[in-house]
Each structure stands twice: as C-alpha cells, then as structure tokens.
Amino acid sequence: MVEVEKKKRTFRELTHPGVDLDQLLDMSCEQLMQRYSARQRRRLNPGLRWLKHLRKAKKEGTTIKKSEVVKTHLQDMIILLEMVGSMVGIYNGKTFNQVKINAEMIGHHPGEFNITYKLVKHGWPGIWATHCSCFMPFK
C-alpha cells in the first residue's frame, strides 16, 4: 500500500502588507504611521494614554517577562512597535484575558486576539426543555 503524507496545517501569517517582519521592526514610528490607512492613523489618538501605561509598566519590570499586565477595554486600538513584548489584559465583557503582544501583531487590533463570546457546546436538552420530556422517567 502507498502511504499518503498528511498535509500540514498552515496558519495565517500576521504580517504587514508588503513588508517583512525584520524591516517592520527596524522602521521608526513615523515611517510606520505612513504605512497605516487614514482610519488607523485617526484611531491612534485616543489610545496614546494607554501607551503611556505600557511604557511605565515596561520600565518598572526588570525583564519583559516580569513586566506588569496593563488592563484595557480598548479592543480597537492599533498595536504599535513600542507595545511588542508587553503583557496586556484585554476586557472581553466579563474578564480580562492576558495577551502577550508579539511582533507579528503590529498593525492589528488587540480584539482580534481576544474571544468575546463563549463557544456553544450542543448537547442533550434538559428536563422540561420540550413538552414530551415531562413524561420521561427520572433515573
């Protein structure tokens, strides 16, 4: 029998269009801002206060792994170069989920990496879920 090789699962690469990851990390903030669309540039203004908290947490932490988690409700903030390596607590409506910001996330929103809904697990209906279930014997 001929053995069939399984096709490896490919994951979506999170890169900025037209720029390699190494080039992206070497860019200044002004060069990166020119690559963003007008909507992304406008969106950055309210999030600059959050960036101050991230800078303060990075300074206080001795290493990147020890840096403090900065909590935020902003899911539509644009991830910048300065945020790489930080731990961020993103609010999903109930709790703060910790997300470590990687270099591949630059230019994306933190909400893309934080699930806000509970996955549905379909199972058997409960007692009295339908009219006929009231005649079923309890065990």
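Of the contacts in the protein between residues at least 6 apart in sequence, 49% join residues at least 24 apart. The model is predicted, and the values below are computed from it. Buried residues account for 30% of the 139 residues in the protein. The accessible surface of the protein is about 11,400 Å², and carbon and sulfur atoms contribute 56% of that surface.

**Architecture**

The protein contains four helices and three strands. Read from the N terminus, the order of elements is α-α-α-α-β-β-β. The elements named in this report with their residue ranges are listed here.

| Element | Residues |
|---|---|
| α4 | 48–60 |
| β1 | 70–72 |
| β2 | 87–91 |
| β3 | 96–100 |

**The sheet**

The three strands form an open sheet in the order β1-β2-β3, and their pairing is mixed. From one strand to the next, the twist averages 30°. Strands of a sheet pair through backbone hydrogen bonds, in either a parallel or an antiparallel sense. For β2 and β3 the sense is antiparallel, and the pairing extends over five bridges. Within this part of the model, Y91 stands opposite F96 in β3.

**The nonpolar core**

The largest nonpolar core comprises 23 residues. Its members that touch the most other members are L32, Y36, W50, L54 and M83. Both α4 and β2 supply at least two residues of this core. The largest share, four residues, comes from α4.

When neighbours within four places in sequence are set aside, L32 is in contact with L24, M27, L81 and I106.

H108 lies in the segment after β3. Its relative accessible area is 15%; the residue counts as buried because this value falls under the 20% cut-off. The side chain of H108 also takes part in a polar contact, with the side chain of E112 as the partner, at 3.1 Å.

**Summary of the model**

In outline, the predicted model has four helices and three strands, with the strands arranged as an open sheet of mixed pairing. The largest nonpolar core has 23 residues, and α4 provides the largest share of them.

How values were computed:
Residues numbered from 1 in each chain as written. Predicted model: local features only at pLDDT ≥ 70, side-chain atom pairs only at ≥ 80, totals over all residues. Heavy atoms only, no water. Buried < 20%, exposed > 50% of the residue type's maximum accessible area, 1.4 Å probe, protein only. Polar contact = N/O pair within 3.5 Å; in protein donor to acceptor, adjacent residues only side chain to side chain. Core = buried A, V, L, I, M, F, W, Y, C linked by side-chain atoms within 4.5 Å. Contact = heavy atoms within 4.5 Å. Pairing = 2+ DSSP bridges. Axes fitted to C-alpha atoms, helices over the stretch in contact; angles between N-to-C directions. Areas by Shrake-Rupley, 256 points an atom, 1.4 Å probe, with all protein chains shown as cover.
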